[in-house]
Amino acid sequence: MRNFGLVTAGLVAGVFGLALPWLRHHPFHRWPWVLSGALLLPALVWPPALRYVHWLWVRIGLVLGWINSRIILTLLFFVVILPLGLLMRALGHDPVARKLDPQAPTYRVPSRKRTRESMERPF
């Protein structure tokens, strides 16, 4: 809990107390410093007092992670995978050989013969 309090207090003070006001040319507010002090004091004096704050912080992170992963994976599918699949289908490329051939005796692809020297340095 001590590390959580110290790191979170430092981040709140650094990001909201210094960096954002300086980068956006806004006035420096007092609330980030009050919040940093409210996290820093228990972290130094009695770290178990931050147990519920840490619990809430972790829960918020889990919810945001769940939402972000859905958004990122959805974008990845519709921006990368779906267009590539449609393009490959339009060009007639079948990388997993799914076409049925009734004349073929088997669909097994024989493996390449490997020499003993190829296993000495596989990469």
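Ile71 is found in helix α3, where helices are DSSP runs of H or I of at least four residues, numbered from the N terminus. The model is predicted: local features need pLDDT of at least 70 and side-chain atom pairs count only at pLDDT 80 or more, while totals for chains, interfaces and linings use all residues. Residues are numbered from 1 along each chain as its sequence is written, and side-chain values use heavy atoms, with hydrogens and water left out.

Ile71 is partly exposed, at a relative accessible area of 46%; buried means under 20% relative accessible area, exposed over 50%, and partly exposed in between, with a 1.4 Å probe and protein chains only. Between Ile71 and Val45 the separation is 26 residues in sequence and 41 Å in space, C-alpha to C-alpha. Helix α3 itself has 41 residues and reaches 58 Å from its first C-alpha to its last, close to the 60 Å expected at 1.5 Å a residue; the expected span is 1.5 Å times one less than the number of residues. A kink of about 35 degrees in α3 is centred on Phe77, the bend at a residue being the angle between axes fitted to the seven residues ending there and the seven starting there. Ala90 also lies in helix α3 and counts as exposed, at 64% relative accessibility. Ala90 and Leu23 are 67 residues apart in sequence and 49 Å apart in space, C-alpha to C-alpha. Just after α3, Gly92 takes a positive phi of about 80 degrees.

Helix α1 spans residues 2-23, 22 residues in total, and reaches 30 Å from its first C-alpha to its last, close to the 32 Å expected at 1.5 Å a residue. A bend of about 30 degrees occurs in α1 at Val15. The buried residues of α1 are Phe4, Gly5, Thr8, Ala9, Val12, Ala13, Gly17 and Pro21. An α-helix has 3.6 residues a turn, so residues three or four places apart point the same way. The cover over the buried residues of α1 includes α2 (31-45) and α3 (51-91).

Ser36 is found in helix α2 and is buried, with a relative accessible area of 7%. Neighbours within four places in sequence aside, Ser36 is in contact (heavy atoms within 4.5 Å) with Ala9, Val12 and Ala13.

His25 is located in the loop between α1 and α2. The residue is exposed, with a relative accessible area of 72%. Phi of His25 is near 55 degrees, a positive value in a residue other than glycine. Most residues other than glycine have a negative phi.

The largest pocket holds about 200 Å³ of space. On a 1 Å grid over the protein atoms alone, a pocket is an open set of points where a 1.4 Å probe fits, with protein on both sides within 12 Å along at least five of seven lines, and lining residues have an atom within 4 Å of a point. Grid points are joined across faces, edges and corners, and the volume is the space filled by probe spheres set on the points. The lining consists of Gly85, Leu86, Met88, Arg89, Gly92, His93, Asp94, Pro95, Val96, Arg98 and Lys99. By class, this lining has 4 nonpolar, 3 polar and 4 charged residues, with Ala, Val, Leu, Ile, Met, Phe, Trp, Tyr, Cys and Pro counted as nonpolar, Asp, Glu, Lys and Arg as charged, and the others, Gly among them, as polar.

Conventions
Helix = DSSP H or I, 4+ residues; strand = E, 2+ residues; numbered from the N terminus.
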